[in-house]
Amino acid sequence: MIDFYNAFISYKHGPLDSKIASHIQRKLEHFHVPHKLGKKLKHKKITQIFRDKDELPITSDLTETITNALEKAEYLIVICSTHTRESFWVKREINTFLKTHSQDKILTVLTEGEPFEVIPEELLTQVKEYTDENGFMQRVKVPVEPLSCDYRMRTSQADKEELPRLAAALLGCSYDELLRRRRQYRIRRAAAIIGVAFAAVVAFGCYMAYTGKKINDSYIESLRSKSLYLANESEQLLAEGKRVDAIQLALAALPGDEKSKMPETGAAVRAITDATSAYRSNSGASYTPIWNYKTEHPVSKGILSEDDLYLAAMDQSGNTYCWDTSSKKLIFEKVGEDDPKDILFLGKESILIMHSYNIEAYNIQTGTLIWEYETPDRTPIRDGDVLYANHAVFFDNGNGEVVRLSAKDGSVKDTYKVLNDMFLTSIDCLAVSSDGKKLAFTDSALSFGSVNIHIFDTETLKDYTAELETMFIVKISFADDDHLCVIANNDMFNSSISFSEDLTYIQSGYMQMYCYNSSNAKLAWETELEYTDVLSTTNTLYLPARKAVLFYAGNAAAIYNIGTGEKINDYLTGSSIVSVADFNKNDLPEFICRHGEYVFTLNEDSNDLGSYSVLCNNVIVGLISDFIYACPSGGNDIICYYRYLQDNEWTEIDCYGGFTTGSSYQVSYAEDDLLIIAARVTDTYDVRVSFIDLNSGKLLSSTDVHDINYLTSNFCIERVGDDIYGYFGNNIVKIDPENETVRMVDIELDTLDTVSNGKIITYNILGSDLKIEVYDIDGTNYKEMSLEDVEDISIAYAYEPVYIEQADSVFLPIGRRVFVANLEKQRIREMKVPDNWIVYNRNDFNMTASDDGSLILLSDSNTILVTDDSLKELYTIRCYCKNRFNAIFRNNILYVIADDSLFLYDSKTGELIGRHDITEYGIGTAELIFDEKNHQLFVRVGDQVSVFDTDSWVEIAFVENAYCYHKETERFYVYSYLVSTDCMTGYIRHYTTAELIEKANKLLDGQELTEETRSRYGL
C-alpha cells in the first residue's frame, strides 16, 4: 500500500473535468524540478498523484482505497467547472480530506466559469477563532479565496504559466523562484545541447541500438503486465459465471501465434486451464457455469421450451433472442419494434412475440413470420393476456371476450363471450386448463372487499362463479384440469422490502391460496403461507404422481394434497424463491433463489432441503432443466450452469473404484509404470486391490482381500525396501506387483501399534519410565529401548511416533517434548525443542530428512525446527500450519508446504527465498514431485495435485480427484463420481499451452469478443 501521495485530484466525472484532471496528473508527475533548487525544496520531485478513474454510485460510501488515499495525500486539488458544485463525491472527498488536513492544503483548478460560481462553497469560507473583549473564544466564518490555477486559457499556455503554481505548492517553494530556476535551466540545457551535438552524432548508432533494446524490453514487460491483468480479469469473470468472456480473456492473455511477442505467463496458463475446465472430473453435483447467452441490453425475461431444446429471452429494449441449447447457437433474433411486451413458446418450433396491439408467431429455425394477429379496435395487450394450451392460443381481447386462435395459422377458431357487463368489470388473471376446455379469470384483480372467480366451460359455454372475500388476486392457475388454484393477498403492502443487494427490511407477510373444483367453482380447501423475505414470485406447481400441489411465496413453500388440502411438506429456503421446477419428473421440486442458492428437496417424507450457493447473486431469471439458467438483475447474459461438468477428454478405465478417496476407504500407490488402487468393497469388509498399467491405461487385474478386521483404523499402502505393503485395519497384506498377487501376512497390528516407514512401533509409559519397541514389518530386527526416571511425562499427551530411515531413529513427541530412539545405538535421548513448542493433536507432528540424513526437520505446525545428527538446533522458522504440511530438502533449498502457501528457504540458514500461493483443498501430508524437463513441480495432498511452473512459481493447474501423475505418458490418473460410493477410474492428459488454446477455441466455436468487452479491456 502506498504511504504518501503528493496530491489527490478530486473532480466530477464529466468530459471536460476528466480530461483536465488526467492532463494535470500526467504533467505534475512528469514535472521537471530544477536541480539548483536543491535543499530549498520540501520534496525533490513529484512522484505520486492520486486520481480515481471510476465514477462511483451515489448511494455508496467512499471506498477504503479512496479514503486511504485522501488521508495519505499532502494536498487536495479540486477541478472546478460549472458542474462541480452538483457533485456529491467532490463534496464528500473535500469533507473527508479536511478531517485530517487544514484548508490551506486545498488547491483549485478553474476549467470554466468564474471562481465564485464554480469553486465549492466549502472552500470559499474558513472558520477563524478569536478572543472577544470578555475573554471568550469565538468562531466566525470569513471569506477566503483558495490558491487557484487557471486552465480556462489554451492548454499549452496554462502548462507554461499556471501549472507551476500547483507544482510550487507541492514542492514547497515559491512560484517566482520556481519560474526563475526553470528559465535558467532552459538556458543551460540549450547550451549543453549545442556543446554535445557533435558527440551525439558520433554516438548515435550505439545509442539507437541500446535504445532499441530498452524499448523492446519495456514493450515485452508491458505485454507481461497486460497478460497478468487479463488473466486476473479472466479468473474474476469465471467466478461471476461469465465463462465465455473468461475463456476469451484467457486467450487474449496468451501469445496468439509464433509471431506474437506476448510472453507466456503462468497466470495466463492457469486462467485458460480454469476457464476450459481442463483436468476436471466429476465430484457429484457441481453446478458449474459453462456458457453465457448474451443479449444487447439487460435481460427482462427468459423462458425454456417444453422439451428444453430452446432458450428464449427478451431484453429491456424489446429485442428477442432464441438459442439452441445443445449447440448454444443463436438461431433466432428479432429487433424490438412496436414496443414488444412478452414472449411465449408456441409448441416445439415456434415463438410468439406480443406487442402492444398485435401478436406475431415466428418459426424459430427459419426466422420467418408464420402469422400475425392484430387486436380488434387496437385493444392493448397486457402481461398474461396471451396463453397457449392444447395447440391453441387464447387471448383476452378486452371487451369481455376470449378469442381462441389456431396455433398453426393464427386464424380465429372461437370467440367466447365470458363477461356481459363490461361497465365496471374486466377480465383479469386469465388462466386456461391444459386441455383448453376451461377458462378461469376474475372480473377484477383489485377490490375493496370481494372478487368474483369465474370458471368458463368452453364446451358447454357455462359460467361458474364463486365470490372470494379478498383485497387482491395475485395469480390464477389450473393445477390440473379438475382443480383451480387462486393466490390472493389481503395485505399486499405489508411485506419485506429490498433497498439494495446488501439491505433488506424483513417483515412477515402472508399469502392465501384457495383451491376450487373446476367443474362447479366450489371451494375445496384454503390455506395460508407465511414468508419473511422479499416477494420475488408466487405461484403453484402441480406434482401429478403425488396428486399434490406446491404453493410458494417469498422464501416459503409448502406441498398440499390436491383433493383434501392436507399439508404434506413445509419448506423454508435461504432467500426468496425466483422459480421452481420438477425437471426429473420425480415430484421432488427444486428451487432457484434470489441470492444464488440452488435448493432441492431430499425426499417426500421430510422437510429437509439441500442448498448450493453456486449461482449468481440477485437472480431475477431462473430456469431449471438438465441445465440451470440464471441471470442477475441488470445482467446482459443468461448464465448456463451444468450439474456434472468434467474435462471432455477424460478417459475411463474399467476398474473398481469403490468409495471416494479421502474417506478412509480408498487409497492408491504409484511408481514406475504401475498404479495400485485399494478400495473397500461396498457393504462388506473386503478390500479390492487393482493393478493398472500406466502406459496403456488399462486394468491388469484385481484381487479381493477378505475379512479385514477393524477396517477404519488403517488404510494405506507404502513401499518398504523391495516390497510393497498394504495396511488395512489390523491386517497387513503384501502386494506383489510383478505377479499381481496380494496375500495376508501373519502379523496383525495392535491398537497401540504405529506403522511408520516400514517399522512397527509400540511405546508405553509406566510411571516415569518410557519404553519403546520397534521391529520390521515382516517381524524381524526387533529392538527394545527404555528411558527411566523421566519427569513430567504422561501418556495423555503422547502422539504417533515417526521413523526416519536416514537417521535410523524413531522420533516421539510427548506434549512439549520430543524423544529420539536411535536403533543402531539402542538408546533414547531427549531432544531440546523451542520453548513455544507444542503439539495439539496427532496430525500436528511432522518430520522429514535430507537424502543423506545430514539435516532433519521437525514441525509442530507452528514452528519448524531444523537439526542434524547432533540433535542441536541449527535454526527455527515460524510457520503456522493447520491442515496440511510437508517439507523437502533439495539442492540446498528447503521447500515447505504449509496450508495455502509454498515456501522456499535456504536449507543452510533458514533464510526465506520466496512465498507462493497454492490452492488449499486437501488435508494431510503433502508430496512434492519435480519434473525437471518441463520446469514444473507437482504438489500432491491426498487426492489433489497442484502444478507449479518453477520459472515463475505460479500455480498453473489444480487437479482434483487425483491418484497420481505419470511422467512418461504425461497423464493425470483421476477418479470421477456422481455418487460417492461409486467411483470411476480414468485419466486426463497433461496439456501443453498450445493444446489448452486449441481446447478453448473449440469450446468457443467461433464466438468472438463483443465490442463492449474489447473496449473495456483495450483489445
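Student: In which helix of this predicted model is Arg 92 found?
Tutor: The model is predicted. The helix that holds Arg 92 spans residues 88–98. That element is helix 3.

Student: Is Arg 92 buried, partly exposed or exposed?
Tutor: The relative accessible area of Arg 92 is 27%. Buried means under 20% and exposed means over 50%, so a value in between is called partly exposed. Arg 92 is therefore partly exposed.

Student: What distance separates the C-alpha atoms of Arg 92 and Leu 344?
Tutor: Along the chain, Arg 92 and Leu 344 are 252 residues apart.

Student: How many disulfides does the count come to?
Tutor: A disulfide requires a pair of cysteine sulfur atoms within 2.5 Å. The count of such pairs comes to zero.

Student: Which cysteine has the sulfur nearest to that of Cys 515, which is in no disulfide?
Tutor: Cys 515 counts as buried, at 0% relative accessibility. The nearest cysteine sulfur is 4.7 Å away, and the cut-off for a disulfide is 2.5 Å. That sulfur belongs to Cys 485.

Student: How many charged residues are in the lining of the second largest cavity?
Tutor: This cavity has a volume of about 40 Å³. Its lining includes Lys 341, Asp 342 and Arg 382. By class, the lining has three nonpolar residues and one polar residue, and the charged residues number five.

Note on methods
Residues numbered from 1 in each chain as written. Predicted model: local features only at pLDDT ≥ 70, side-chain atom pairs only at ≥ 80, totals over all residues. Heavy atoms only, no water. 1 Å grid on protein atoms, 1.4 Å probe; cavity = no way out; pocket = protein on both sides within 12 Å on 5 of 7 lines; lining within 4 Å. Points joined across faces, edges and corners; volume = space filled by probe spheres on them. Nonpolar A, V, L, I, M, F, W, Y, C, P; charged D, E, K, R; others polar. Buried < 20%, exposed > 50% of the residue type's maximum accessible area, 1.4 Å probe, protein only. Helix = DSSP H or I, 4+ residues; strand = E, 2+ residues; numbered from the N terminus.
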